[in-house]
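Good morning, and thank you for coming.

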Amino acid sequence: MTATPEPMLQVSDLVIEFDTSAGRRRVVDGVSFSVQQGEVLGILGESGSGKTLSTLAVLGLVPGRPGVVGGRIDLVLDDRREALLADLPTVVSTPNRGPVRKDDRRWNRLVQRRWRPLWGRVMTAVFQNPRQSLDPLMTIGAQLDESVRLAEPTLGRLEVRGRSLDWLARVKLHEPARVHASYAHELSGGMCQRAMIAIALARQPRLLIADEPTTGLDTTVRQEIVELFQELLAAERRAMMYISHDIREVLFLAREIIVMRHGRIVEVVAAEDLKAGRGRRHPYTATLLAAADLPVGEVAS
Amino acid sequence: MFHRTLGRLAIALGLFVGSAATDAGAQQTFHYPEDTRPASLLPFFAEDMSAVRMVELIFDSLVFQNKRGDVDKGLATSWKVDDDQGGIRFVLREGVKWHDGEPFTAEDVVFTIRAAQDPKTIFNAKSKFNFIRDVTAEGQYGVHVAFERPIPEAEKRFISLKIIPKHGFPSTAISRKDKFAREPIGTGPFRLKKGGFSLRSIALEQNPDYWNQAKIGEVQMQHTPDKSAQINLLQYSGVKAGVQAVIFLPPKNIALFENSDSVVLEPYHTVSWWYMAYSHENKALAERPVRQAIGLAIDREELLEAHLGRGDILTGPFTESSPFYNFQVEKSAVDLDRANQLLEDAGWKKKGDVRMKGKLKLDFEFVMDKELASNQALFLGIQAQLKKIGVTTRPTYVDHARYRDQVFTRRKFDLTLNIWSFEEVEDVYPLFHSKGPMNFIGYNNADVDTLLDTAKATKDYKKYKEMMKQLHALLAQDLPYYFLWSLDIYSGISKKVRNVYIQPFYYFTSFPEWELSP
Amino acid sequence: MNRLLGLVLLAGRRLAGGLLLLVGASFLIYFTIRSAPGDAIDAITPMGTPPEVKEKLAADFGLDQPPLAGYVTWLGRSATGDFGESLVFAPGEQVMTIARPAFKLTLLVSGGALLLCLFLATALAVVLGEPSPRQQLLTGALYFVTAAPAFVAAIFFSQGMNAFVRRFVEDAGYDTPPWYPIPIYSESVMPYFFAGIVLVAGDGLFMDMLNTVRAEILAVRNAQFIAAIRAKGASTLPHTFRNLVVPFVSAFAARLPVVLGGVVIVEYVFTLDGAGYLLLEASKQRDFPVVVGLSVLFTLAIIVMNLLADVVRAAVDPREVARNG
Amino acid sequence: MGRFSRIGLWLSGAIVLVVVLLGVVAPFIPYEPADAVSYDRVLEVPSVSHVLGTDEQGRDIAMRLVKGTEAFFLPGLMAAGIAVLVGALAGAVAGYATGPVRAVIVGALQLLDTLPRLVFIILVCTIRNPSVTLIAFVAGVLFIPTVAAVIRRKVEALGSEDYILAHIAHGFHSVWVILYHILWLQCWPIMVRQAAYVFGYVLFVETGLSYLGDYGVQEPDPSWGNMVAQVRSLPPDAPWPWLVPAAAIVLTISGFLAFGNLAARRGEEAIR
């Protein structure tokens, strides 16, 4: 083991733009970050800061037009380096100069070729609004079974069900059998999010992206979900990106934290330093800390 | 080059699939469209022309009218009028079979006439059989019909009598609802195909036992109310599909086929003429000068040419081909000045747009049958022309059934446009005699009545003819109607049909002779 | 098991509701008849109808009774499928005997046309994908073309096709297709197919369908659960398909009345023997029992379609039972 | 709203404006059908004196096209008025009321919705003396449920929104809130869209029935429907007497539909 292991995910100079009725808007502007193997990266920022879009870009799931128009995303798997987003010029007609137009079809082909084999196996995600993340027409069990079967295609029908029930138990759902037969609309938000986490983890990904997984849930439930994440991650040593606007949650889970605002990274800081109030803080970070009744420390002008 | 590419493209697109699937037999089908749908194939109730045409193919009458206009053998092979013209004796064709295989006998003829006269059989043309007093079968193949009074050229009256099978009905009281109307059994050259009577089409097949075997295998009629669709079908008629004939070509479309290499225009003479009827119950119209003035203001030739194509302007109630036509009667020409003068002299003074006399106004309700397509256009022309002499008209369009009721039964109209069609006998007695059943205009002229009564009583055809000529002149003077014209009607017939001859009034009389080349 | 029971209960409730609607609709139809001006019998029968026929008609329709009692009489008769006898179109024939085969054909043509429309709209929606400014010219043009009333579309179609075949096939020396010229009198399926095309292309149906289908497809494709399914590496196709069943069935059911209106007109132009032709012809000839019988049948078709759509919705979407259970 | 939508709005708006202008002006243009007939200029091709040519009676097609707007303009407005006003009220009540009132209204709306429109109109035409006004009235009534359904959805969606609840909490009467804040301020784009649709439908039915069943306007009075119906008697080489009104029908219907949609979309964007 080397002293500074190569990060498993490296994002550099990511640019995302959208067409709106008011014209083109740059929503992510030159963002760079990296995630180490088995560690949690926290991304902090208010809504509209570009944190969700940056993570969706990692997943190759940025919706809308033209979407990702610049940057690089590299992934290191078992010493094999894969450039996910290295050749944008082939799908972006005039990068960095004048109006940008992206060829949708080529972009989709790129996504299919590069990302598709990674989804689930290498990285997967848990989103906010858990109820909307579940297919309303299928039982939780069917959706979980799907994950289990994808992770271990050799399992028999009963084994799959057994594995699913295990997972439901591991995410601390009582009566796993009942949940297994239920539909999303029959469960509470917290239960849905637990089920969603089970579905994501059942794929046994290397990297889990949790995009504001607690938004819209009751305070007590939020606490439980965050604890559940910590517990599961500690046991499995998975890498995770945890996106939130709640500084306490991020501090609780992450080792390194990046703070985003208006599509740019304003600060990269170790969680230890933040907790201890060490070092000079960006004014925005300082506001966030103050609002959460945490020690602010020194504020940069 | 471009054409070929497009053609290939169309074929490649599979638009023309199944061209090999048509069998040879289908080419022998004679297709024709009809404007109206025959509701009944029972001869008595065949009131639309479309039904009359179908009935002609399925049923037979005792005698036909041949190309020369003479009466020819049908189900009867010979006939003899009694010496006193009080009856007629028919000898029937032997070995004729009904479409269901039953033999045809004199009983069927007796049954048909009895059924026509049964008071419980109600149909429009019932009065046509009033002249028959009695009918008796004489053996299997002889029939004697006795008349109420002597009838000149009596055999002509049997042309329209289609014989129906006795075994097809429970009694002589025949109802419109009878199943027979949809499953007819005749002796004619064609019989109904199995399931051939459908919602809007009727399919017939050749009767293999017919004494004058038809040359065309099958006939199919399709109700196609849209005239432009009919024209389209004839115009584009190809080897495999399309129609072989359009019964009546609207005049505007005649030019389209005049130099056609696939369609012939075949004249179709009907003994019929157009008229504008005046209600004589209207006080203004009861005055002869008003009727004359109206006649002088209307330009028949212009209307005829603009809307109906070719035809002859009438001078009285007979067409030029009629034996009763009086060539001495002159055609009146349009003369607005004289028309105005006539009205002035009769005391009709112009007030604004309309002429008035006392409280009476020359403002008339013009009632029209919606079904007659050219009515609207003709009315517009007449309305415009009458305006010039201070006569105004208001249109009322009603559907066919309502028209008959309003005009013929309740006589609620001032002016109306219509057509009289005659079959074998041009009998105008019912129209102009003050007691005539079809005198819906309320016409009452003592001279006319006398003339008609004497003519009816006479047995001498020559004298009868003379009297009709006199009547022609008299009516041309008095103008109970404004006589308009008789039309040259054209059928459009595909050149693939050969040996075509169209009888007056009976379209399909010579149909067995027609041939269809593939 | 629980869900199945809920489903059965829901279907039962819908069936009862459908029956109620049918009774209500027949009530409206019956009182439209009773609203005839003057003496109802004279107003609704053709002139010259014999008195015994009028009497039978009055008895069949309960016109000799006070309105409500008459309605009950008529409803009782109609419920057994006895809509009376045709007066003019096929005198003496039971309305149902002539209407049934015609109506079957009409349902087939309109249902087929609607399926074709749904299929084409889906295909185009998939090809077009997300709306972009560049497509608006295409959709605008489509909007204009498909707004033509069905009868105008039918005239253009038949005359255009005939001229096309004459020029580019016949004159070019190819065999003409068996369906030429239009409207053809043959037992081939082509006239029905053409009627379907005109139904799809006319009355603004296609754009309406395209807009709906496209919005639904985009809604499902952009739904969060589809992103979640993608993120876990599963195929999104079965999920997308399943989630589109409900909106598609709804879109189909909602447009059936429109197509049933259009088919009346198109059948007339393409000389098909359907209920639309029968309805118009009977209406023109004032064959009143046929018109009433067909009105009831058309209404029944719409109610049954809505019923089926409800049941399919409930069978596919568990929330439906929960909402209405 | 994209560039093409804006162009579409202007174009369709122009069509609507022209039709409305013609509809308003047409009754004041003196036109005597009897005087228009002239047999020395039958079926003339378009020229300077007759911009759109003449028909079988030698009547100027452009003139008849203009006068023909009379036939559907007021009936169309009436139908749109009935459908939108009654539909909006019924929809608002169905969306807001509870208990038996709601049940009755929802039931009635559902009932009207099951009637196949064209078939029912033909039934009415068979029984009563058909006129465009009658047809339009029936069409208007039959469109009530369509309008009501959209309005109801909107009212239900807005009914639970905070600012509406706030208004009611502030002491405004709920009827006022529904009528003004929901129907007037929020639903007008929906009403514009539906009104344009119903208007187009009346033109569609008038022309369709004139073509098929002679249930529309009778000659000599002009209507676009009976002008198109001339296709049945015209020779194929003189199509303009029916082609012109057919094009006018297609343009008007698509124009009204497009205008309704685009204007409503714009309105909705503005409200948001």
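How many residues does the contact take from chain C, and how many from chain A? The contact takes 23 residues from chain C and 27 from chain A, where contact means heavy atoms within 4.5 Å.

Before going further, a word on conventions. This is a predicted model, in which local features need pLDDT of at least 70 and side-chain atom pairs count only at pLDDT 80 or more, while totals for chains, interfaces and linings use all residues. Residues are numbered from 1 along each chain as its sequence is written, chains are lettered from A and ligands numbered from 1 in the order in which they are written, and side-chain values use heavy atoms, with hydrogens and water left out. The model scores ipTM 0.80 and pTM 0.83.

Let us return to the interface. Between them, chain C and chain A bury about 2,200 Å², 58% of it on carbon and sulfur atoms; buried area is the accessible area (1.4 Å probe) that two parts lose on being put together, summed over both. Of the area that chain C buries against chain A, 31% comes from C:Gln224, C:Ala231 and C:Lys232, more than from any other three residues.

Which helices of chain C each supply at least two residues of the side that touches chain A? They are helix H10 (224-231), helix H11 (237-269) and helix H14 (318-324). H10(C) gives the most, with seven residues. Helices here are DSSP runs (H or I, at least four residues), and strands likewise (E, at least two), numbered from the N terminus.

Finally, chain D. Chain D has eleven helices and zero strands. Its C-alpha atoms fill a box of roughly 75 × 50 × 30 Å, taken along the principal axes. Of the 272 residues of chain D, 57% count as buried, that is, under 20% relative accessible area with a 1.4 Å probe, protein chains only.

As for confidence, chain D averages a pLDDT of 85, and 97% of the residues score at least 70; pLDDT is the predictor's confidence in each residue, from 0 to 100. Thank you.

Technical notes:
Buried means under 20% relative accessible area, exposed over 50%, partly exposed in between (1.4 Å probe, protein chains only).
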